[in-house]
Amino acid sequence: MIEKRIENDSFFLKEKQSIELIQPASPFLWELDVEIEKGGVFEGRLFGDQETGLRVGIDCEKNSIYVQRDRAEVDFSKEYVCTCQAPLSGDRSSFHLKLLCDHSSVELFVGDGEISMTNLYLPADDYEAKLKVEAVRGTVEVKQSSVFEMTSVWRQNS
C-alpha cells in the first residue's frame, strides 16, 4: 500500500554531474523516465553514499543494463559483491525504470517488464538514505522521477 508519493521535477545532467534525492525507509518504489545521449551512461544509486550502495545503470554504448552490489556490512560471502547485466534490445535512448526496494531486496523492471532483475541487497545499518542520479558519460535527462513510500506487509512488534 502506498503511503506517500514524492514527485521530483525533471532535470538535465551533463557528464559527471549528479543529483541527490530523498530516499524513504524501506519499502519503497522508485520510478524514472530517462533519456540518455547516444553512447551515454546513466546510473542510479540506492542505499549508499559516494562509494557504497547499490547501483543500477544503463550503458547505451554497450547496449546493456546492470545492477552492481558493493560490499555487505556482514562479510558472509565473497560472491556477494557482483555486477549483474542484461542486454538491451534495439538502439534506443528512452527508458522507463521501476525499482521496488524492500529491506533486503531490490527488483528492477525496464519498460513494461521486458527486463526484470532481482537482487539481494543488505545495506549497512548506518547507510545514508539518499537516492543519487548521475550522468556517468554523456548527458541524461530525467523526465520524471517519483518515489512512493509503501507500507510494509510485515507486522511491527508492539
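Which residues have the most contacts inside the largest nonpolar core? In this predicted model, where local features need pLDDT of at least 70 and side-chain atom pairs count only at pLDDT 80 or more, totals for chains, interfaces and linings use all residues. Residues are numbered from 1 along each chain as its sequence is written, and side-chain values use heavy atoms, with hydrogens and water left out.

The largest nonpolar core has 37 residues. A nonpolar core is a set of buried Ala, Val, Leu, Ile, Met, Phe, Trp, Tyr and Cys residues joined through side-chain atoms within 4.5 Å. Buried means under 20% relative accessible area, exposed means over 50%, and partly exposed lies in between (1.4 Å probe, protein chains only). The residues with the most contacts inside this core are Trp 30, Leu 46, Ile 58, Ile 65, Leu 108 and Val 133. Strand E4 (residues 28-36) supplies the largest share of the core, five residues. Helices (H or I, at least four residues) and strands (E, at least two) are DSSP runs, numbered from the N terminus. For Ile 58, contacts (heavy atoms within 4.5 Å) were listed without residues up to four places away in sequence. Ile 58 touches Ile 36, Gly 40, Val 41, Phe 42, Ser 64, Ile 65, Tyr 66, Leu 88, Phe 95 and Leu 97.

An open sheet of six strands has the order E3-E12-E5-E6-E7-E8, and its pairing is antiparallel. Strand E3 (18-22) and strand E8 (82-87) each have a single partner strand and stand at the edges, so one side of each is left without a neighbour in the sheet. On average, neighbouring strands of this sheet are turned by 15° against each other, direction ignored. The axes behind this angle are lines fitted to C-alpha atoms, for helices over the stretch in contact, and angles run from 0 to 180 degrees between N-to-C directions. Two strands pair if DSSP finds at least two bridges between them. Strands of a sheet pair through backbone hydrogen bonds, either parallel or antiparallel. E3 and E12 are joined by five bridges in the antiparallel sense, and Ile 22 stands opposite Lys 130 in E12.

Strand E5 (residues 41-46) is largely enclosed by the rest of the structure, because six of its six residues are buried. In a regular strand the side chains alternate between the two faces of the sheet. Both faces of E5 are covered, with buried Val 41, Glu 43 and Arg 45 on one side and buried Phe 42, Gly 44 and Leu 46 on the other. E5 runs antiparallel to strand E6 (residues 54-59), to which six bridges join it; the partner of Leu 46 in E6 is Leu 54. Five bridges join E5 to strand E12 (residues 130-137), again antiparallel, and Gly 44 stands opposite Val 133 in E12.

Glu 134 also lies in strand E12 and counts as buried, at 17% relative accessibility. With residues up to four places away in sequence not counted, Glu 134 touches Leu 13, Lys 16, Gln 17, Ser 18, Val 41, Phe 42 and Glu 43.

A search of the whole structure finds nine salt bridges. A salt bridge is a side-chain nitrogen of Lys or Arg within 4 Å of a carboxyl oxygen of Asp or Glu. One of them joins the side chains of Glu 43 and Arg 55 (3.8 Å, N to O). Glu 43 lies in strand E5 and Arg 55 in strand E6, so this pair ties together parts that are twelve residues apart in sequence. Glu 43 is buried, with a relative accessible area of 9%, whereas Arg 55 is partly exposed at 22%.

Asp 59 forms a salt bridge with Arg 137, the closest N and O atoms being 3.2 Å apart. This pair ties together parts that are 78 residues apart in sequence, because Asp 59 lies in strand E6 and Arg 137 in strand E12. Asp 59 is buried at 8% relative accessibility, and Arg 137 is partly exposed at 29%. The side chains of Glu 61 and Arg 137 also meet in a salt bridge (3.7 Å, N to O). Glu 61 lies in the loop between E6 and strand E7 (64-69), 76 residues from Arg 137 in strand E12. At 58% relative accessibility, Glu 61 counts as exposed.
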